[in-house]
Amino acid sequence: MATKKKQVKSAVKKAATKGMKAVKQSAPAKGVKYVYWFGAGKAEGRADDKNLLGGKGANLAEMCRIGLPVPAGFTISTECCVEYLKHGGKYPKTLEAEVKAALAKTEKVMGMKFGDAENPLLVSCRSGARRSMPGMMETVLNVGLCSKTIPGLIKKTNNPRFVYDAYRRLIMMYSDVVMEKAEGIEPAEGKGIRKQLDDMLHEVKKQKGYASDTDLTVEDLQKLVVDFKAHVKEVLGKEFPDDPMEQLWGGIGAVFKSWNGKRAVAYRRIEGIPDDWGTAVNVQAMVFGNMGDTSATGVAFSRNPATGDHHFYGEWLVNAQGEDVVAGIRTPNPLNEATKNEQNKHLPSLETSMPQVYKQLDAIQKKLEKHYKDMQDIEFTIQEGRLWMLQCRVGKRTGVAALNMAMDMLHEKLIDAKTAVMRVAPVQLDEMLHPILDPAAEKNAKVIAKGLPAGPGGAVGHIVFTAADAVEWAKQGKDVILVREETNPEDVEGMRAAKGILTGRGGMTSHAALVARGWGKCCIVGCAALHIDVHGKKLRIDGTEYEEGAVLSLNGSKGHVYAGALDTVDATENPRFQEFMKIVDKFRTMGVRTNADTPEDARVARAFGAEGIGLFRTEHMFYGKGSDEPLAKLRKMILSKTVEERKAALNELFPFVKRDVKATMEAMDGLPVTFRLLDPPLHEFVPQSESKQAELAAELGIPVEDVKKRGEALHETNPMMGHRGVRLGITYPEVSAMQFRAILEAAAELIKEGKKALPEIMIPVTCCVKELDAQKKIFDQVYADVLAASGLKKIPVLYGTMIEIPRAALTADEMARTAEFFSFGTNDLTQMGFGFSRDDIGGFMGEYLDKNILPADPFQTIDQRGIGELIKIGVQRGRMTRPNLKVGICGEHGGEPESVKFCFTVGMNYVSCSPYRVPIARLAAAQAAIEAQSKKK
Ligand code: PEP
Ligand code: MG
């Protein structure tokens with residue numbers, strides 16, 4: 001038997017090897033395809049290939065397919081990047097042949113040859129991941145310039161200045177990206193090779209009294225490139241490569257490696273982009289915007305990305321290469337007359353400078369928007385009057401712009417209602433719900449500086465001058481405004497931590513401005529009035545100095561800067577927003593409630609569309625405004641020595657509880673209100689300091705010793721798992737009875753007043769059905785008493801439980817025998833499921849995330865793998881006993897979009913979240929329903 005098996009195996013093996021050999025011999029390059037060519041109206045890839053070709057590569061292919069003028073080239077796939085990084089920087093064997101073949105095709109279409117002495121083709125190497133990561137990875141332009149090709153290119157273009165300018169750019173970029181960063185060299189901030197070369201360039205300009213890079217002469221540049229190369233050799237210890245092929249492979253490898261560069265990794269953490277996606281490399285024939293006054297380069301959006309206005313909008317620079325626009329080195333010109341602003345109104349637009357090209361570009365952006373049915377962000381270059389498209393992608397936008405565009409495109413019939421709902425990310429709504437500077441306060445304040453309105457809304461904060469300080473100050477709970485000379489992608493973490501960003505240089509399309517806008521963060525760029533002294537940590541505007549920590553206010557929608565803290569106001573009255581939310585609700589099937597403990601919160605939440613209260617935390621009436629009296633009664637109750645004393649104290653507390661409960665139900669006007677019985681351990685209400693204890697003793701007329709003793713007696717080692725929640729009700733049944741009575745009497749009174757009341761009573765921190773049964777017995781008794789006293793036949797009320805302990809989820813079939821509804825308390829469920837104290841995770845969660853041990857903070861977004869499993873089990877088992885069991889969630893996760901979507905998939909009836917997150921939850925719920933529908937199809 002064994003021998004037979006062996007024989008069969010070896011026969012199979014032989015056949016397989018034979019097959020492999022045959023394939024190897026006949027077609028050596030067959031196997032995984034890594035290179036995808038595009039050009040001359042044809043392409044091997046298409047828009048749908050983003051995962052494989054990255055966004056840039058897929059869209060270059062698509063633009064070719066629809067007949068737009070795109071310089072030919074090829075994309076090396078993200079799969080190749082993954083292989084390359086996995087094997088410690090080794091290319092797959094078949095890659096070289098594929099690159100050679102694609103390069104030959106590119107040469108043919110462009111009519112030039114890479115490395116040729118007479119007619120040289122130059123190429124760019126650009127990164128491009130599945131999802132856009134603006135400025136986070138590397139690019140090398142002008143690859144192929146060397147001592148052999150320079151003379152030929154000069155002869156061909158008759159433009160030595162252009163050739164040497166292109167060469168000095170190659171040296172700057174290549175030495176930085178390939179010879180320094182990709183080699184893992186990490187110079188101190190401001191000491192990198194690129195900065196050093198940049199300083200040399202500035203020195204020449206200064207010596208010669210030039211205002212702009214374009215003033216540099218051929219001779220200046222010729223000398224500069226020699227000095228540059230010598231400096232590179234001196235600093236990096238290697239010759240600048242003079243072989244085009246060596247340059248090309250260096251560029252390809254460096255782009256791959258930049259996937260693991262610091263900026264890229266930091267950005268991925270913030271954006272939740274997986275590490276294993278990799279980037280593609282796009283190798284593309286160079287076209288030049290720096291060949292003189294009929295050449296130019298620019299970046300544009302088919303609609304305004306900050307406001308959503310339906311205007312072709314963008315910036316361009318004459319005689320420049322692409323990075324000049326995005327790096328914010330020169331203030332760019334406006335694309336057209338209609339979109340000129342404060343900073344660029346004196347500069348000529350493309351519309352007037354090159355009307356024919358502008359017309360062609362305008363037609364292309366319209367075609368692209370129609371094709372992709374979304375706002376496009378495009379990059380173009382004009383080489384001696386001829387237009388070339390270098391990139392298109394769906395443009396990042398602020399939340400305000402996302403909403404405005406979605407509604408406009410819906411009305412223009414470019415998209416349908418479903419698509420409109422999907423176009424706004426739930427978190428983007430946040431921008432519309434958060435403050436803007438109070439227009440009345442702005443009227444009376446003096447604008448101290450004006451810049452470009454790069455990110456919306458208002459921000460008030462203390463100024464800091466480095467990204468690291470922004471992170472540090474924010475950690476200390478301070479609102480900060482990050483002030484920088486120019487928008488720099490390396491500041492990404494500081495930008496994230498800041499409330500607002502203010503820069504002296506840079507345009508609307510500078511990379512960091514794009515990033516800020518993507519986050520909907522208040523941002524002003526290109527504010528020329530700023531004189532920043534980073535080392536002295538000072539800012540001067542118009543002769544006035546502002547030290548680190550000084551407070552400024554920004555209006556990011558207008559680009560206005562004010563000294564001091566201006567008032568802020570909510571921006572919710574936007575009719576567009578209301579209209580959008582109406583459409584959202586047409587698709588939503590899951591309910592959205594709010595967590596509210598006061599009638600005011602309840603009113604705000606209703607205005608935001610809450611369909612009830614999913615969590616009223618009774619204990620909140622003992623904190624904050626107006627809590628003195630009820631707190632005093634509660635303390636009296638806690639310090640009672642006998643049941644009689646406690647009952648008497650509870651009787652005093654009763655009217656306060658009933659008053660709040662009634663006012664909240666009244667504010668909700670018949671919508672359901674879930675009242676949770678007192679949850680925290682009682683010691684939280686006994687003062688700790690001696691003076692406060694003495695005060696309390698005097699107030700209650702008892703010896704201070706009694707207060708102290710009671711405090712000590714209530715002390716627990718682990719109060720979060722101690723005498724709290726239902727355990728209070730088990731040990732002090734009269735405490736639960738008082739609360740049942742307050743809720744039921746309030747409801748009865750409202751009903752008798754002709755109003756509506758729909759209370760739901762919820763027992764917290766339960767772990768077994770017998771707890772619920774014990775409390776239910778008390779409830780039934782109180783219910784009967786209140787009914788009899790009120791003369792009503794019925795008070796509509798539900799009796800249910802929170803599910804916060806893993807055991808409760810696992811025994812949900814039993815819990816549902818008594819509970820008429822479940823509400824998942826995922827704060828505690830996460831705490832008890834992970835064994836992480838919810839109050840102490842600050843000490844380690846940062847490292848857990850940095851070290852990739854957990855993908856996200858489970859207290860912010862539901863851990864679907866573990867805690868989610870408990871939730872699923874809870875819902876399933878609960879409904880086994882009670883098929884129409886009402887299920888919701890009231891932990892913080894109820895307002896977090898991914899968690900809301902999860903709640904939808906497990907079949908919850910509603911989510912409940914804080915008032916300001918209600919619209920976010922509504923949108924997330926609608927999107928979940930739409931996604932589920934389209935999956936079904
Ligand atoms: C929960 O535990 O998720 C919950 C809502 O209750 P609390 O946060 O009040 O403990
Ligand atoms: Mg809880």
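This is a predicted model: local features need pLDDT of at least 70, side-chain atom pairs count only at pLDDT 80 or more; totals for chains, interfaces and linings use all residues.
Where does Asp 542 lie?

**View 1. Asp 542 sits in a loop between two strands.** Take a look at the backbone here: phi of Asp 542 is near 55 degrees, a positive value in a residue other than glycine. Asp 542 has 71% relative accessibility, so it counts as exposed.

**View 2. Lys 413 is found in a loop between two helices.** Lys 413, which is not a glycine, has a positive phi, near 65 degrees. Its relative accessibility is 72%, so Lys 413 counts as exposed.

**View 3. Glu 804 and Asp 828 coordinate the magnesium ion (ligand 2).** The contacts come from OE of Glu 804 and OD of Asp 828, at 2.0 to 2.1 Å. This pair links distant parts of the chain, 24 residues apart: Glu 804 is in the loop between strand E31 (798-803) and helix H30 (806-810), while Asp 828 belongs to helix H32 (residues 826-834). Both residues are buried.

**View 4. Eight strands make up an open sheet with mixed pairing.** Follow the strands across in the order E15-E25-E24-E17-E18-E19-E20-E16. At the edges stand strand E15 (447-450) and strand E16 (452-455), each with a single partner strand, so one side of each has no neighbour in the sheet. From one strand to the next, the twist averages 30 degrees. Strand E24 (residues 551-555) pairs with strand E25 (residues 560-563) in the antiparallel sense, over four bridges. For Leu 554, the bridge partner in E25 is Val 561.

Conventions. Residues are numbered from 1 along each chain as its sequence is written. Chains are lettered from A and ligands numbered from 1 in the order in which they are written. Side-chain values use heavy atoms; hydrogens and water are left out. Donors are N, O and S atoms within 2.8 Å of the metal (3.2 Å for Na, K and Ca); water is not among the atoms, so sites may look incomplete. Buried means under 20% relative accessible area, exposed over 50%, partly exposed in between (1.4 Å probe, protein chains only). Two strands pair if DSSP finds at least two bridges between them. Axes are lines fitted to C-alpha atoms, for helices over the stretch in contact, and angles run from 0 to 180 degrees between N-to-C directions.
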